[in-house]
Amino acid sequence: MSWCRAERSAVFLRSAGTTMKVHLTATTETESARAARDNPSRDIVEQAETLALAEVDEPIQISALCAALSISERTLRKAFHRVHGLPPCRHLRMLRLQQARCALIVTDSHLTTVTEIATGFGFLELGRFSVEYRKVFGESPSQTLNRASKATELVNRTADREDRVEFCV
């Protein structure tokens, strides 16, 4: 397996009437070498994401993730910065925020509340959850829940009408 590609070139140096041939070797990293170098970081990040999302009802604890992965916090931070350009806590919180949004979209507002969904995804500070949610998605969690519920009701009413029309024909 080749980690680097070597390119040879010669340079001729003249000094005091003598010529010396000097061979220079330049190395450039190949794409496969770069991917191989990044794999440990990607593996660490994927494992951390899997662990963090496996127990979404618990708050994210970086120290617990590091202990489970048998790595230092610095190694975890560096891996996340290499792969996502974000600290692990921020990236994992964003993943959970996206999951909470998906749950708000598919849930009926008559059956559940924003509080239940937020705490179900490990967001215990509801004010911070709401502020961060609005900052990322441009609407409050309750607006998402209500909008999604109205869309679901509209689809259900339309489907009921179509069923009645087909039944009457």
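Modeller: Before we start, buried means under 20% relative accessible area, exposed over 50%, and partly exposed in between (1.4 Å probe, protein chains only). This is a predicted model, where local features need pLDDT of at least 70 and side-chain atom pairs count only at pLDDT 80 or more, while totals for chains, interfaces and linings use all residues. Residues are numbered from 1 along each chain as its sequence is written, and side-chain values use heavy atoms, leaving out hydrogens and water.

Colleague: OK, what share of the residues in the protein chain is buried?

Modeller: The protein chain has 169 residues. Of these, the buried ones make up 27%.

Colleague: And what is the mean pLDDT of the protein chain?

Modeller: pLDDT is the predictor's confidence in each residue, from 0 to 100. In the protein chain, 66% of the residues reach 70 or more. The mean comes to 77.

Colleague: Over residues 1–15, how many contacts does the model have beyond near neighbours in sequence?

Modeller: Careful here: where pLDDT is low, the predicted coordinates should not be read in detail. Over residues 1–15 the pLDDT is below 50. Counting contacts (heavy atoms within 4.5 Å), this stretch has, beyond near neighbours in sequence, 40.

Colleague: In what order do the elements of the protein chain run?

Modeller: Helices (H or I, at least four residues) and strands (E, at least two) are DSSP runs, numbered from the N terminus. The protein chain has seven helices and two strands. From the N terminus on, the order is β-β-α-α-α-α-α-α-α.

Colleague: Let's zoom in. Is serine 41 buried or exposed?

Modeller: Serine 41 is found in helix H1, which covers residues 31–54. Touching serine 41 are Ala79, Arg82 and Val83, leaving aside residues up to four places away in sequence. With a relative accessible area of 4%, serine 41 is buried.

Colleague: Which side chain makes a polar contact with that of serine 41?

Modeller: A polar contact is a pair of N or O atoms within 3.5 Å; within protein, one must be able to donate a hydrogen and the other to accept it, and residues adjacent in sequence count only if both atoms are side-chain atoms. Here the contact spans 3.2 Å. The partner of serine 41 is arginine 82.

Colleague: Last one: which residues in H4 does H3 meet?

Modeller: Helix H3 (residues 73–83) supplies Leu76, Arg77 and Phe80 to the contact. Helix H4 covers residues 88–106.

Note on methods. Axes are lines fitted to C-alpha atoms, for helices over the stretch in contact, and angles run from 0 to 180 degrees between N-to-C directions.
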